[in-house]
Amino acid sequence: MVLFATGDIAAQQAVEKVGIDKHNLARTGRMALYGGAVFGPAATTWFKFLQNKINFQNKNLTIAARVLTDQTVFASTNLFCFLSSMAIMEGTSPKEKLDSAYWTALQKNWMLWPAVQAVNFKMVPLEHRVLVVNVVSLES
C-alpha cells in the first residue's frame, strides 16, 4: 500500500511535475487502496503458488517456467484488474480504459518484467519477492 502511494506521489511530483497544490490525492488514495487491498495479497499468494507448484529438476527450467507463467497468467490478469478497478474508482468506463490502454501496457510490461522476474525468482527469497516488484515499479 505504502509503495503504491509512494510511486504515485513520485509520478505526480517528479514525472508529471504537477506541484503540491495540484497533487491529485484521490488518485494517490486509489493507488494505495489497490496496492494494499488487491495487489499485495494477490502477488503474495501468486508467488507462493509459483514456488510450490512449478518445480523441475533443472533450476533454469524452473525459473523460465515461472517467468512464463507469471507473464502470461498473472501479469495479464493483474493489468486487467488494475485498469478496470481504477476506471471504476474514477467513475469512468472500464471497457474504454481497457480498450485504450490494456494492450499497450501489456507490451510495455513484457519489455521489463520477464528479466526482473527471472532475477527475482532466481535470487530473491520468497518472502521478499513482492517487495522487489514494488521497488522496481517505483523506478519504472
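In α1, the residues F4, A5, D8, I9, A11 and Q12 meet R27, T28, M31, A32, Y34, G35 and F39 of α2. Sorted by class, the residues of this contact comprise eight nonpolar, three polar and two charged. The model in which these contacts are found is a predicted one.

The two helices concerned, α1 (residues 2-15) and α2 (residues 25-53), pack at an angle of about 150°, and their axes lie 7 Å apart. Because angles over 145 degrees count as roughly antiparallel, α1 is roughly antiparallel to α2. The crossing in which α1 passes α2 is right-handed.

A second pair, α3 and α4, has axes that come within 8 Å and cross at roughly 150°, which makes α3 roughly antiparallel to α4. This crossing of α3 and α4 is right-handed, and the contact between the two helices has 20 nonpolar, six polar and five charged residues.

| Helix pair | Angle | Axes |
|---|---|---|
| α1 and α2 | about 150° | 7 Å apart |
| α3 and α4 | roughly 150° | within 8 Å |

When its neighbours within four places in sequence are left aside, F121 is in contact with F47, L50, I63, R66, V67, D70 and R129.

Note on methods
Residues are numbered from 1 along each chain as its sequence is written. This is a predicted model: local features need pLDDT of at least 70, side-chain atom pairs count only at pLDDT 80 or more; totals for chains, interfaces and linings use all residues. Side-chain values use heavy atoms; hydrogens and water are left out. Axes are lines fitted to C-alpha atoms, for helices over the stretch in contact, and angles run from 0 to 180 degrees between N-to-C directions. Helices (H or I, at least four residues) and strands (E, at least two) are DSSP runs, numbered from the N terminus. Angles under 35 degrees count as roughly parallel, over 145 as roughly antiparallel, 65 to 115 as roughly perpendicular and the rest as oblique. A crossing is left-handed if the near helix is turned anticlockwise from the far one by less than a right angle, and right-handed if clockwise. Contact means heavy atoms within 4.5 Å. Ala, Val, Leu, Ile, Met, Phe, Trp, Tyr, Cys and Pro count as nonpolar, Asp, Glu, Lys and Arg as charged, and the others, Gly among them, as polar.
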